[in-house]
Amino acid sequence: MAKSATESTTKAATKRANAKTSKADKEDKPKRAPSAYNLFVQAHMKEWKEAHPGAPIKEAMSEIAVMWREAPENPNRGKEPKPRKPKAVAGAPKASRKKKQTPPPSSDAENTGDASDE
């Protein structure tokens with residue numbers, strides 16, 4: 001079946017409505033100030049790279065994160081970390097969704113079943 005004119009107009013309108021903001025809009029927006037953790041990493045990354053040339057960045061981040069836990073700049077120092085939620089198993093149904101309930105069998109179905117048993 002051929003598309004009607006209203007479908008294409010609707011799709012075009014939807015694309016425009018869902019379009020991302022332009023680059024001009026992003027340039028006007030001020031940048032967010034770096035967090036205490038960001039500043040800590042910036043300060044310690046240079047030192048770590050000089051001490052460990054050629055080491056992977058992943059290793060640097062893990063060591064700097066350990067230093068951050070006990071750093072005086074850390075506002076959460078000495079507090080217990082928040083408990084993590086357990087990961088959902090792939091393929092398992094989500095608890096928030098409700099299953100559709102099947103309607104109870106009609107009285108006609110019961111009568112039909114009783115008649116065939118006799």
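Helices here are DSSP runs of H or I with at least four residues, and strands are runs of E with at least two, numbered from the N terminus. This is a predicted model, so local features need pLDDT of at least 70 and side-chain atom pairs pLDDT 80 or more, while totals for chains, interfaces and linings use all residues. Numbering starts from 1 along each chain as its sequence is written, and side-chain values use heavy atoms, leaving out hydrogens and water.

Color by pLDDT (the predictor's confidence in each residue, from 0 to 100): the mean is 75, and 62% of residues reach 70 or more. Confidence is lowest in helix H5 (residues 107-117), with a mean of 55, and highest in H3, at 91.

Now select H3, residues 36-51. Its 16 residues reach 23 Å from first C-alpha to last, close to the 22 Å expected at 1.5 Å a residue; that expected span is 1.5 Å times one less than the number of residues.

Next, show side chains for Phe40, Val41, His44, Met45 and Trp48, the buried residues of H3 (buried means under 20% relative accessible area, with a 1.4 Å probe and protein chains only). Helix H4 (57-69) is part of what covers them.

Zoom in on His44. H3 bends by about 30° there, taken as the angle between axes fitted to the seven residues ending at a residue and the seven starting there. Which residues does His44 touch, not counting those up to four places away in sequence? Ile64 and Met67, with contact meaning heavy atoms within 4.5 Å.

Note on methods:
Buried < 20%, exposed > 50% of the residue type's maximum accessible area, 1.4 Å probe, protein only.
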